[in-house]
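Please read the following briefing alongside the sequence and the coordinates.

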Amino acid sequence: MKTVLSIAGTDPTGGAGIQTDLKTFEAFGVYGMAVITVVCAQNTTGVFGMQPVSAELVGKQIDCVFDDIFPDAVKVGMLYDAEIIHTVAERLKAYHAKNIVLDPVMMSSSGTALLHHDAAKVLQEELFPLCTLVTPNLHEAAAVCSHNITNREDMEQAACEIVGKTGGAVLVKGGHLADCADDLLFDGTEMHWLPAPRIDNPNTHGTGCTLSSAIACGLAQGMSLIGSVKRAKRYLTACIDFKLALGHGSGPLQHRIANWENRHA
Ligand SMILES: Nc1ncnc2c1ncn2[C@@H]1O[C@H](COP(=O)(O)OP(=O)(O)O)[C@@H](O)[C@H]1O
Ligand SMILES: Cc1ncc(COP(=O)(O)O)c(N)n1
């Protein structure tokens, strides 16, 4: 049985964070584990409160997993502050964790900051270099590169800049592009565009969480990086296209989709 660990925050409505990561792991048939970094009071309409877990307890949770069931891949999501980032980076390094996929969560889709403003630098300096893949959206990539990213050309330039900083690979996600949902994978050698149509669906809460978790599943299962990313994108597109309609805001995704493997995008 392949095992995948998510280190992330929570969403009691199950649309983002740990809850959606575990649903994704289940869909890919891997054994899912979870370390909670911050408890969030949030739903489809917004974020109403956040209580970080102490960095010490985050570290102990990570110890409990690695000392007992060594994960084949690790997905890292919301980390909230510099102290938690530091602890997570230190532990992942000490355990020689493999196949680390980082979704550098900075802001919720409803506009709440999910990362302290002084922590983005620590994330880049301490965690980026440990990762197999970092998956910023356009805003997160812009924060790393310090310039706006609005089109495919900007995305290519940002991908080069980010790979220059990390040494690993980057997936610049195009979910916030105006007319399509094309993502760009750059592994330092080759640029791979993953084209996808923009699906007319306002319910996209947790798309980034789902995508990064699905990629981690592929890596855990021994697939190549490009193979994992292509399969994850196909799965995510099917999840969005299901058009589940729950809640009063930007709703969550459906995770159990029949025959998604046979779809194209
Ligand atoms: N309306 C949509 N139609 C199709 N794919 C989408 C849509 N919105 C987002 N995506 C895809 O969901 C994934 C997450 O994208 P994005 O919204 O950019 O990240 P985040 O959730 O981190 O803000 C990407 O693969 C993106 O292309
Ligand atoms: C715990 C947690 N992790 C990540 C997100 C970002 O997801 P989204 O961009 O869909 O709001 C979130 N809202 N909550």
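**Ligand shells and fold of a predicted model**

By class, the shell around ligand 2 comprises seven nonpolar, 10 polar and one charged residues, where Ala, Val, Leu, Ile, Met, Phe, Trp, Tyr, Cys and Pro count as nonpolar, Asp, Glu, Lys and Arg as charged, and the others, Gly among them, as polar. This is a predicted model, in which local features need pLDDT of at least 70 and side-chain atom pairs count only at pLDDT 80 or more, whereas totals for chains, interfaces and linings use all residues. Residues are numbered from 1 along each chain as its sequence is written, while chains are lettered from A and ligands numbered from 1 in the order in which they are written.

**Surroundings of the two ligands**

- Ligand 2 is surrounded by 18 residues, of which the closest are G9, A16, G17, S108 and S109; a residue is near a molecule or strand if its C-beta atom, placed from the backbone, lies within 6 Å of it.
- At least two residues of the shell around ligand 2 come from each of β3 (38-43) and α7, the helices (H or I, at least four residues) and strands (E, at least two) being DSSP runs numbered from the N terminus.
- Ligand 1 has 19 residues around it, and the closest of them are K173, G175, A181, T207 and G208.
- Two or more residues of the shell around ligand 1 are given by α7 (207-220) and by α8 (225-241), and α8 gives the most, with four residues.
- The shell around ligand 1 divides by class into six nonpolar, nine polar and four charged residues.

**Helix α7**

- With 14 residues, α7 reaches 20 Å from its first C-alpha to its last, close to the 20 Å expected at 1.5 Å a residue, where the expected span is 1.5 Å times one less than the number of residues.
- Because 14 of the 14 residues of α7 are buried, this helix is largely enclosed by the rest of the structure; a residue is buried if 20 or more other C-beta atoms lie within 10 Å of its own, exposed if 12 or fewer, and partly exposed in between, with C-beta atoms placed from the backbone.
- Just after α7, G222 takes a positive phi of about 85°.

**The eight-stranded sheet**

- An open sheet of eight strands runs in the order β2-β1-β5-β6-β7-β8-β9-β10, with mixed pairing, where two strands pair if DSSP finds at least two bridges between them.
- The edges of this sheet are β2 and β10 (191-194), each of which pairs on one side only.
- Strands β1 (residues 3-8) and β2 (residues 31-36) pair in the parallel sense over six bridges, and V4 has G32 in β2 as its bridge partner.
- Together with helix α1 (residues 17-27), β1 and β2 make a right-handed β-α-β unit; a crossover is right-handed if, with the strands pointing away from the viewer, the path from the first strand over the helix to the second runs clockwise.
- The pairing of β5 (residues 73-76) with β6 (residues 100-102) is also parallel, over three bridges, and V76 is partnered there by L102 in β6.

- Three bridges join β8 to β9 in an antiparallel arrangement, with V170 standing opposite F186 in β9.
- L171 lies in β8 (residues 169-172) and counts as buried because it has 29 C-beta neighbours inside 10 Å.
- In a regular strand the side chains alternate between the two faces of the sheet.
- Both faces of β9 are covered, with D183 and L185 on one side and L184 and F186 on the other, all buried.
- L185, which belongs to β9 (residues 183-186), is buried because 23 other C-beta atoms lie within 10 Å.
- Four bridges join β9 to β10, which run antiparallel, and L184 stands opposite W193 in β10.
- A hairpin with four residues between its strands is formed by β9 and β10, and G188 in the turn has a positive phi of about 100°.

**The β3-β4 hairpin**

- Six bridges pair β3 with strand β4 (residues 46-52) in the antiparallel sense, and C40 stands opposite M50 in β4.
- The hairpin that joins β3 to β4 passes through two residues.

**Annotation from the record**

- An unreviewed UniProt entry carries the annotation "domain: Pyridoxamine kinase/Phosphomethylpyrimidine kinase" for residues 11-253; UniProt positions are given in the numbering used here, feature names are shortened, and annotations may be inferred rather than shown by experiment.
- The end C-alpha atoms of residues 11-253 lie 13 Å apart, and the span is 40% helix and 16% strand.
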